[in-house]
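Biologist: Can you walk me through this one? I'd like to start where the chains meet.

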Protein chains: 2
Amino acid sequence: MANIAMLGYGVVGSGVAELISRNRYKFKDELDEELVISKILVRNVDKHLNNKNRGLLTENIEDIFNEKVDIIVEAMGGLNPSYEYIKRALNMKKHVVTANKDLMAERGYELLQLAKKNGVTIHFEASVGGGIPILKSMNECLVGNEIKSIKSILNGTTNFILSKMSHNGMSYEEALKLAQEMGFAEANPESDVKGYDAARKLSILSTIAYNRRVDWKNINIEGITQIDSDDFRYAKMQKCSIKLLGISKVSEDDIYATVMPVMVKQDSMLGKIENEYNAILVEGDAVGDVMFSGKGAGMFPTASAVFADIADIVENKREKTITFSSEKASINKSWNLKSKWLLRIKTQNRVEIIESISSSFKSCYILSNSVSGNKEEVVAFVNADNEDLIDEYIEKVKSEKNVQSVKKLLVLDK
Amino acid sequence: MANIAMLGYGVVGSGVAELISRNRYKFKDELDEELVISKILVRNVDKHLNNKNRGLLTENIEDIFNEKVDIIVEAMGGLNPSYEYIKRALNMKKHVVTANKDLMAERGYELLQLAKKNGVTIHFEASVGGGIPILKSMNECLVGNEIKSIKSILNGTTNFILSKMSHNGMSYEEALKLAQEMGFAEANPESDVKGYDAARKLSILSTIAYNRRVDWKNINIEGITQIDSDDFRYAKMQKCSIKLLGISKVSEDDIYATVMPVMVKQDSMLGKIENEYNAILVEGDAVGDVMFSGKGAGMFPTASAVFADIADIVENKREKTITFSSEKASINKSWNLKSKWLLRIKTQNRVEIIESISSSFKSCYILSNSVSGNKEEVVAFVNADNEDLIDEYIEKVKSEKNVQSVKKLLVLDK
């Protein structure tokens with residue numbers, strides 16, 4: 001019998017409990033193991049009076065640790081008290097399964113070390129990409145590869161908002177409101193729309209991919225709050241969509257890592273990922289490009305990943321658990337490939353700025369104001385060898401009189 | 001030290017040897033295992049005189065079995081003598097890794113049973129989808145799901161041909177010739193273009209997904225040899241591409257399984273899979289739709305999957321090897337969902353056939369001959385509750401005078 005205690009019984013927790021119950025006898029024949037939930041920690045028992053598992057609920061964490069359990073599933077989210085509870089569980093030599101990307105991005109290294117010290121494991125497949133089996137695939141199935149780059153859509157909320165802005169002509173505010181009404185965005189959407197959530201997931205992915213710790217706080221992070229309907233109009237001129245991409249790329253010395261809105265070709269694989277879906281495009285030196293996509297969140301997709309982790313523990317695969325390297329990665333925040341960029345410069349002096357753009361870049365395509373639809377803005381697609389050159393130009397042009405604001409957006413051609 | 005003997009040293013074998021050499025010390029720290037190739041079976045040693053591994057080559061299978069090896073990698077392809085060699089290896093309690101889809105589709109059940117009896121494993125990730133980690137993902141990461149359906153592009157050769165016909169306006173013959181010149185198609189392309197290769201892979205996937213043996217010979221198999229440029233023209237009218245899909249779907253009593261050219265929406269995920277790429281869209285009851293895509297063949301993509309299998313064995317994960325169920329699936333060959341179909345009926349009597357179509361189906365859209373461009377063919381999109389109704393109609397209309405031929409094509413709306 002495998003005894004499982006759960007911390008948290010919200011959307012993810014309920015899904016996990018349901019999957020455990022559906023699969024209770026899954027390993028009976030093969031391993032003579034039966035899956036049993038022994039206790040569930042909730043904040044308020046009274047809220048679950050009609051729940052079929054109400055006999056298992058407790059508000060007292062001591063009830064969890066007093067129980068004889070093999071696996072603790074953390075489905076509370078947030079840093080505290082999850083961090084303390086998981087540490088305690090590991091020190092008591094319990095295996096831990098968590099979907100908590102915030103915690104794994106902040107404290108993953110420490111917790112994995114602690115698990116190792118105690119001869120147990122911490123599994124966290126659900127922390128990135130929801131139900132998409134990406135961590136195990138990268139860790140086990142691509143083990144013969146050196147991973148060269150990752151391009152990913154890791155946040156369903158922002159992808160939903162951008163999809164609605166693109167296809168339904170909604171403003172950012174309207175799309176955010178719809179996302180909140182549909183339960184895709186939280187009342188306080190900051191962590192999603194500002195790109196923090198995607199950055200935490202990208203840091204977990206990249207840390208495993210490159211075997212160097214990629215601290216999410218060192219990643220370049222731009223959210224989608226500045227994206228407006230004009231950006232979509234310009235994107236469509238380039239046959240592009242706008243996606244909040246998490247990109248990382250390894251070079252000899254450092255790792256380029258960014259989360260930012262990017263124009264991607266509408267008919268590319270990433271350009272096709274709509275609404276709440278996530279996708280991860282991994283480039284390995286042997287395998288080439290491999291893409292994984294699916295629902296990045298939600299009750300059962302997340303529970304599907306959590307359950308796979310539980311199954312892994314039940315089947316006793318301790319040998320190849322994921323580790324985070326002790327070596328911290330040096331992070332490069334600047335896109336270092338020759339690329340096309342959209343520049344939008346608000347100014348009263350179009351002529352001067354157009355002159356300045358065309359003399360600053362080898363090639364550029366400047367929209368006439370009848371096309372851009374804005375007489376007080378210069379809109380141009382420019383080609384530059386790297387992002388630094390763009391940033392230098394932006395710094396320069398910002399200091400000029402009559403420039404109110406400058407905005408840039410990478411155009412990913414393939 | 002993990003000793004590896006290889007059978008075959010062609011494209012895949014060379015890639016595997018290279019990856020083993022690159023990753024020789026991969027498991028040194030963790031497991032104190034070093035990967036060493038001890039012998040390689042080739043057909044003709046003289047062909048490899050300048051090869052860096054020539055000291056390991058032998059034409060004599062006995063040299064392979066006399067060597068003290070832990071793992072035998074079969075990269076010869078075909079049924080014979082692979083089948084005999086692998087049986088012998090398993091009986092000698094050697095682990096086996098193979099990329100051989102023909103063999104696993106034909107003899108998988110027997111070989112997996114034999115491996116189990118001998119306490120060893122046979123791994124075959126590379127047999128489906130090349131470098132795409134699909135078998136392990138399905139077997140381990142989606143373990144909490146009931147798999148409901150699979151939609152897949154499993155043959156790179158035909159996908160390449162169809163891409164060239166669609167985007168470059170090539171005829172089938174021209175595209176096949178190009179594929180052969182580029183090494184994507186063999187001199188005898190029958191197994192690819194007739195759909196047998198895709199059917200074998202679909203049988204392996206479906207056998208694992210539904211835990212019932214899906215015999216590839218019971219699958220409905222249609223190839224792409226009948227697809228012409230007009231089909232692409234009609235597909236584009238529906239904003240569709242044509243893809244050779246492997247589809248399977250479980251119902252209470254049986255499994256629907258087919259390999260056939262299908263019109264899929266251009267902007268769907270499968271519609272975006274071009275050239276030699278493969279993709280597998282798995283629908284699980286918990287996870288929803290998950291898609292995996294990547295290169296379905298080629299030296300290093302295939303070697304990437306073979307290497308992951310070797311790593312699995314080295315890391316000693318015997319617990320959760322794939323098994324094929326002893327229960328044979330009952331296969332349904334007829335598409336049983338309400339769908340749209342393209343009908344092309346060659347006839348001298350358009351009026352009569354148009355009358356017959358419009359009275360036989362609840363709704364239909366018949367192309368005028370100025371649109372279809374053919375006065376001796378009626379082209380129509382019809383809606384029907386299931387494929388049997390379409391087939392009954394085709395049988396009926398075929399018996400009418402003045403009908404030369406009838407062709408049908410499923411239009412997949414989502």
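**Strands across the interface**

Modeller: Strand β12(A) is joined to strand β12 of chain B, residues 288-295, by 5 bridges, and the two run antiparallel. Two strands pair here if DSSP finds at least two bridges between them. Strands are DSSP E runs of at least two residues, helices are H or I runs of at least four, and both are numbered from the N terminus.

Biologist: Which residue of β12(B) does M291(A) stand opposite?

Modeller: M291(A) faces S293(B).

Biologist: Before we go on, what am I looking at?

Modeller: A predicted model, where local features need pLDDT of at least 70, side-chain atom pairs count only at pLDDT 80 or more, and totals for chains, interfaces and linings use all residues. Residues are numbered from 1 along each chain as its sequence is written, chains are lettered from A and ligands numbered from 1 in the order written, and side-chain values use heavy atoms, leaving out hydrogens and water.

Biologist: OK. How many residues of chain A are in contact with chain B?

Modeller: 44 residues of chain A, with 44 of chain B. Contact means heavy atoms within 4.5 Å.

Biologist: And how much area do the two chains bury between them?

Modeller: About 3600 Å², 56% of it on carbon and sulfur atoms. That is the accessible area (1.4 Å probe) lost on putting the two parts together, summed over both.

Biologist: How many salt bridges between chain A and chain B?

Modeller: The count is 4. The rule wants a side-chain nitrogen of Lys or Arg within 4 Å of a carboxyl oxygen of Asp or Glu. One of them links K136(B) to E140(A), with the closest N and O atoms 2.4 Å apart.

Biologist: Which elements of chain A supply at least two residues each to that side?

Modeller: α1 (11-22), α6 (135-141), β12 (288-295) and α12 (299-314).

Biologist: New topic. How many aromatic pairs over all chains?

Modeller: 11. Rings of Phe, Tyr and Trp (its six-membered ring) pair if their centres lie within 6.5 Å; planes under 30 degrees apart are stacked, over 60 edge-to-face, the rest tilted. Take Y256(A) and W335(A): the centres are 5.3 Å apart and the planes at 65°, so this pair is edge-to-face.

Biologist: What does that pair tie together?

Modeller: Parts 79 residues apart in sequence, because Y256(A) is in strand β10 (255-265) and W335(A) is in the loop between β13 (331-332) and β14 (339-347).

Biologist: Is the N80(A) to P81(A) peptide bond cis or trans?

Modeller: Cis, with omega near 5°. P81(A) sits in the loop between β4 (71-74) and α4 (82-91) of chain A. The bond from N80(B) to P81(B) is cis too, with omega near 5°.
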